[in-house]
Amino acid sequence: MSARGGSTKQKLFEGTLRLATAKGLAGLTVDEIAAEAGVAKGTVYYNFGSKDGLIDALLRYGVGQLAERLREHSGEPDPVVALESLVDTGLEFIAEYRGFSQILVSELWRTPGQWHETLSLLREDIVSIVKEQLQRVADAGRLPEGVDVPTAAAGLFGTLLVVALDWQVFQPHRTRAEVRDGIMVLVRGMARPR
């Protein structure tokens, strides 16, 4: 989500992200966003209609970027290796966009708030990607009988977000590979060997 060519929309996204990381989404004003992005206040309204429109677009943009990266691993022949690659990519994204990820986590699990409907749709998009990979593991006969794939997918997505943020905030000395392997212990404990 770094500036590509420094477009006005990109400046607004990045300014909003910096402010929201520091103080949360709810208390932001259009004046603050415009000042942080170095644009006129009217620019926010012109490009997004409102602060809520900007934040909605920011959430959609960020989750779209994450989804795009996660989908890159669907062609891996071994479904457990594909799942490991998906986890690793998720960790990489969260490390790269820690502020966005903090916003995502805080807004996803907050009592239904302003962006709940948008986040519910976005969460479903990400969970469906994880679910597809877990279903491949199940179809290969490598999940224990009785594992509910949709529940396991939601659990893996939640685990990935929380463990990744814990890594970034409290254990930054750990490598991404160490964190990935820690998450994969859970998956491998559930997945049968070939």
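Predicted model: local features only at pLDDT ≥ 70, side-chain atom pairs only at ≥ 80, totals over all residues.
Start with Leu-28, which sits in the loop between helix H1 (8–23) and helix H2 (30–37). Beyond the neighbours within four places in sequence, Leu-28 touches Thr-16, Leu-19, Ala-20, Lys-23, Ile-33 and Lys-51. Leu-12, 16 residues away along the chain, has its C-alpha atom 13 Å from that of Leu-28.

Arg-69 belongs to helix H4 (residues 51–71). Arg-69 also counts as buried, because its relative accessibility is 18% and the cut-off is under 20%. Setting aside neighbours within four places, the contacts of Arg-69 are Thr-89, Glu-92, Phe-93, Glu-96 and Tyr-97.

The whole structure holds 12 salt bridges. One of them pairs Arg-18 with Glu-36 at 2.7 Å, N to O. Arg-18 is in helix H1 and Glu-36 in helix H2, so this pair links parts 18 residues apart in sequence. Arg-18 is partly exposed at 42%, and Glu-36 is partly exposed at 33%.

Lys-41 and Asp-31 make another salt bridge, with their closest N and O atoms 3.4 Å apart. Here helix H3 (residues 41–48) is tied to helix H2, across 10 residues of sequence.

## A buried pair and its network

What about Asp-88 and Arg-180: buried or exposed? Both are buried, and their side chains form a salt bridge (3.4 Å, N to O). Asp-88 lies in helix H5 (residues 79–96) and Arg-180 in helix H9 (residues 176–190), so the bridge joins parts 92 residues apart in sequence. Through shared partners, salt bridges connect Glu-84, Asp-88, Glu-92, Arg-176, Arg-180 and Asp-181 into one network.

Key. Residues numbered from 1 in each chain as written. Heavy atoms only, no water. Helix = DSSP H or I, 4+ residues; strand = E, 2+ residues; numbered from the N terminus. Contact = heavy atoms within 4.5 Å. Buried < 20%, exposed > 50% of the residue type's maximum accessible area, 1.4 Å probe, protein only. Salt bridge = Lys/Arg side-chain N within 4 Å of Asp/Glu carboxyl O.
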